[in-house]
Amino acid sequence: MSVVTHTRPLAKMAAPMVSRAVGVSSVRAFSGTPRAQNKVTVVGAAGGIGQPMSLLMKLSGKIDHLSLFDIVNTPGVAADIGHCNSKGKVMGYKGAEEMAASLDGSDVVVIPAGVPRKPGMTRDDLFNTNASIVKGIAEQCAKSCPKACFLIISNPVNSTVPIFAEVLKASGVYDPAKLMGVTTLDVARAKTFVAENQGMDVDKVEVDVIGGHAGTTIMPLLSQVKGANFTEEDIKALTHRIQFGGDEVVKAKDGAGSATLSMAHAGAYFAEKVLDGLNGVKGIKECTFVESPLTSAPFFASPCTLGTEGVSEIHGYGQLSPFEQTLVDENVPALVKMAQKGIDFVKNN
Ligand code: NAI
């Protein structure tokens with residue numbers, strides 16, 4: 001069932017067209033012409049996520065030009081990764097003066113720049129530092145590669161994606177189909193924990209995770225997992241573990257940061273899917289955090305089809321269990337607040 005279909009630009013769209021969309025299967029539909037698109041820039045490429053993610057991208061052999069940008073150390077990272085015998089040129093760029101060159105002509109920009117959490121911190125505690133980092137990056141992207149797809153990893157994603165959108169809007173280059181918050185690690189955790197719990201093959205488990213990327217705003221739809229048979233206890237425990245899986249890593253790393261290797265894997269996977277979509281591969285559907293009419297939150301993660309112009313379709317989240325509906329009802333106000341915090345930051349800085 002298709003509830004709302006509209007044409008671009010979404011930026012000019014009025015308030016969300018659907019306030020509560022249980023059972024919606026499709027609310028955004030675009031089309032385009034396939035073409036080869038293969039320059040990917042990683043911003044924050046020398047960091048804990050940036051380095052292994054760049055390595056995985058190089059090893060994929062799918063990227064013609066991998067551009068690595070950071071404020072430190074990128075020449076070394078690029079020289080090192082560049083020696084891997086897989087297809088694609090790797091270039092390193094360091095410091096503000098080289099940022100424009102690193103971004104120029106990018107088809108996809110993946111952004112894991114900023115500080116990570118330490119034990120006891122929430123993602124929102126990172127806001128003060130990361131908001132200005134992300135705003136600065138967005139300003140340069142608006143000038144150097146306004147037509148690229150922007151994949152935001154920097155936390156708090158629930159606020160940094162709205163920040164990025166506001167900056168692009170102010171420059172008149174915002175395309176909501178091309179701005180995505182990366183929530184792939186939540187899906188990876190959901191698949192891993194569900195497979196363990198159910199004794200299923202992790203390669204065959206599909207779990208949609210909707211909402212946002214922080215604590216309880218991460219909402220796995222366990223009632224929709226095909227072939228699973230959960231007790232009520234399982235549902236509660238698994239939901240909590242998926243929502244707070246990041247804390248397990250932060251605690252185990254004991255002050256040395258948050259998830260980097262699993263995030264690198266998830267980020268490289270998602271970037272590859274976005275590239276595949278740009279290059280005309282059909283039928284790619286992934287959960288991602290986008291401007292969305294599904295709820296009263298301006299940005300919301302749900303399954304999306306990735307096409308030749310970025311997100312070509314935002315899918316609804318189907319029939320929710322009462323437990324999941326309560327989660328959505330309780331967490332949408334928090335998502336609204338976190339988005340507004342990002343929007344206000346751009347207005348006031
Ligand atoms: P890190 O501190 O190891 O690396 C961050 C890198 O960003 C550093 O190399 C730093 O030099 C660079 N950087 C800082 N300001 C920059 C700027 N203006 N331009 C370019 N590069 C800049 O941190 P890590 O562990 O790699 O995490 C990065 C971000 O990803 C954090 O905000 C973290 O919370 C977030 N994260 C997001 C996840 C998600 O699921 N979306 C999962 C895990 C982490």
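How many of the 349 residues of the chain count as buried? The share is 56%. Keep in mind as you look around that this is a predicted model.

**The chain as a whole**
- Among contacts with a separation of 6 or more, 71% are between residues 24 or more positions apart.
- The chain has an accessible surface of about 14400 Å², and carbon and sulfur atoms make up 54% of that surface.

**His 213, the annotated position**
- An unreviewed UniProt entry places the feature "active site" at His 213.
- You will find His 213 in the loop that runs between strand E7 (209-211) and strand E8 (218-220).
- His 213 counts as buried because its relative accessibility is 7%, and the cut-off for buried is under 20%.
- Beyond its neighbours within four places in sequence, His 213 is in contact with Arg 123, Asn 155, Val 157, Asn 158, Thr 183, Asp 186 and Ile 218.
- With one of these, Arg 123, the contact is polar: the two side chains meet at 3.2 Å.

**Around the ligand**
- A polar backbone atom of Gly 48 is 2.8 Å from an oxygen atom of the ligand.
- Asn 130 takes part through its side chain, where an N or O atom is 3.1 Å from a ligand oxygen.
- On the nitrogen side, a ligand nitrogen atom is 3.3 Å from a polar backbone atom of Val 182.
- On its own the ligand has 870 Å² of accessible area, and the protein covers 86% of it.

**Backbone spots worth a look**
- Most peptide bonds are trans, and most residues other than glycine have a negative phi.
- The bond joining Asn 155 and Pro 156 is a cis peptide bond, with omega about -5 degrees.
- Pro 156 belongs to the loop between strand E5 (149-152) and helix H5 (157-170), while Asn 155 is also one of the contacts of His 213.
- Asn 73 is not a glycine, yet has a positive phi of about 65 degrees; its place is the loop between strand E2 (65-70) and helix H2 (74-82).
- Asn 73 is exposed, because its relative accessible area is 53% and exposed means over 50%.
- Asp 254 also has a positive phi, near 50 degrees, and lies in the loop between helix H8 (245-253) and helix H9 (261-278).
- With a relative accessible area of 64%, Asp 254 is exposed.

Terms used: Residues numbered from 1 in each chain as written. Predicted model: local features only at pLDDT ≥ 70, side-chain atom pairs only at ≥ 80, totals over all residues. Heavy atoms only, no water. UniProt positions renumbered as here; feature names shortened; annotations may be inferred. Helix = DSSP H or I, 4+ residues; strand = E, 2+ residues; numbered from the N terminus. Buried < 20%, exposed > 50% of the residue type's maximum accessible area, 1.4 Å probe, protein only. Contact = heavy atoms within 4.5 Å. Polar contact = N/O pair within 3.5 Å; in protein donor to acceptor, adjacent residues only side chain to side chain. Areas by Shrake-Rupley, 256 points an atom, 1.4 Å probe, with all protein chains shown as cover.
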